[in-house]
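User: I'd like to go through some of the labels for this one and see what backs them up. Can you take me through them?

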Amino acid sequence: MKQSLRTRLVFISAGMLILSIVICWIMNLFLLPGYYESSKMKQMNSVYSQVAELFEEKDWNNSTTEQQVEMYDAVDRISANIGVSLYIMEIKVNVDSGMISEVSYLYPSMSGRMQELNRSQLSKYVLFKQLGDVFDDNYQLLKKTDQYELFKVYDERMDSNYIELVGGIEGDYWIYVRSSYQSIRESAAISNEFLAYAGAVVVVLCILIMVYVSNRYTKPILALARLARKMEELNFNVRYEEDRKDEIGVLGHSMNSLSDKLQETISELKTANNELQLDLQRRSEQEEMRREFLANVSHELKTPIALIQGYAEGLQENVNDDPESREFYCEVIVDEADKMNKMVKKLLSLNQLEFGNGQVHLEHFDVQEIIKSVVAASDILFRQKDITLSYQEGEPVYVWADEYMTEEVIMNYVSNAVNHIDGERIIEIKLTETEGKARISVFNTGAKIPEEELDKIWEKFYKVDKARTREYGGNGIGLSIVKAIMEAHNQEYGVRNYDNGVEFWFELDEKAEN
């Protein structure tokens, strides 16, 4: 089962605290008695040193009453501050027998029973000093020096343990110090019991504190994890907003920087990928256009070349000797060669426009003049095909465009109208103005273009009625040139069906700014 960092932190902290309490409990149980005994011995040694120093400075028996009171007060302070029972006596020992001959109590004043008890106890120590080991099992020597001896004593009467010190000081003065030595195991048990209760409370408090503290750290980490998951989903709009100065804050701001860098890199990759796809698409389209172009050119050139070749071979072989037949053969050859020449020129012009080689030279000119020029040039065609032209010449309309290309567009529209006219045989040329644009439209009566083919007529070599197109020598390039010219001008163009015919149109800017 997956554990969170917060849970592990709480368990680790609680475990370390419990371990610390257990170690303290074991140390209390096994090491406290020895430490307690050592501390007691140091206290007794301190008492002896202070009293011995006091008696070295002043002789009790040769002191005035006032000096004895001062010494009494000093010993009182020593006994009270350290918390021991302290007795000072003058003991005289018989030199011959080695026994105590006289005991005088200097400190403190005691009742008769207390004097007897201390006399008995002190007698043992004096005998020990004089004769050696005379103690029973209730006495345990802890330390022996030239000045004093330390004993651990079990008092059967009091049923208690004591540490006692006895030692000689200046002259025949003796000091007897007694301190209660309670059962250290009992004290350790009480201490451990308290430690257990206190430890339980501390562990609970520690767990609560660690839950709170861990929340303060794990919540930002979880927030960073959610932020990372959002970044994994390529959502780079999420941000780390907290203004922390610690390591978590540094990590959060680093993730923000990483997010920005990833977003920038992915954007660049997407742009590069898009450009690559467009480039591949353009290459594919260009390759398709190249194949289509070659196929269409081959198809369009095949017929005139075959005709030229056939009629030329006929002339070469003198199939017909009369001058009229030879003249007819020559006319066919010249006519087909002229068609081929026009088609090649149109293809070259279209190629320049499509590949950006045909530069658009913007000029400010009157488009009415261009329309009149095309109408005048086409007048002979109108009369030959019995076409009625509808054109109302108006005021000059100045536009910004390439004058030569504009004329070519109008000429292509008029030529297309002438070749596809039918019915009432009317061609209508109009010039209208709206919102800074001049719209030129060429309408001819006749059959409508099927709706599904309206977008296809601008493609190279596309022919709606192939038989009719061949009849007037068309090759499907004229409207492709119109499309290339208008796209080079970045202007609108199009075609619209009416009940009685078709209208082609294009627009030009009247203002210098687009």
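Analyst: D279 and R283 sit four residues apart in helix α6 (residues 247-316), so about one helical turn separates them. Helices here are DSSP runs of H or I, at least four residues, and strands are E runs of at least two, numbered from the N terminus. This is a predicted model, where local features need pLDDT of at least 70, side-chain atom pairs count only at pLDDT 80 or more, and totals for chains, interfaces and linings use all residues. Residues are numbered from 1 along each chain as its sequence is written, and side-chain values use heavy atoms, leaving out hydrogens and water.

User: What makes D279 and R283 a salt bridge?

Analyst: The term needs a side-chain nitrogen of Lys or Arg within 4 Å of a carboxyl oxygen of Asp or Glu. For D279 and R283 the N to O value is 3.0 Å, so the pair qualifies.

User: Why is R283 called exposed?

Analyst: Exposed means over 50% relative accessible area, buried under 20%, and partly exposed in between (1.4 Å probe, protein chains only). R283 has 54%, so it counts as exposed. D279, with 26%, is partly exposed.

User: How do you know that D509 and K437 form a salt bridge?

Analyst: Their closest N and O atoms are 2.7 Å apart. D509 lies in strand β13 (residues 501-509) and K437 in strand β11 (residues 437-445), so the bridge ties together parts 72 residues apart in sequence.

User: Is D509 buried or exposed?

Analyst: Buried, at 7% relative accessibility, whereas K437 is partly exposed at 24%.
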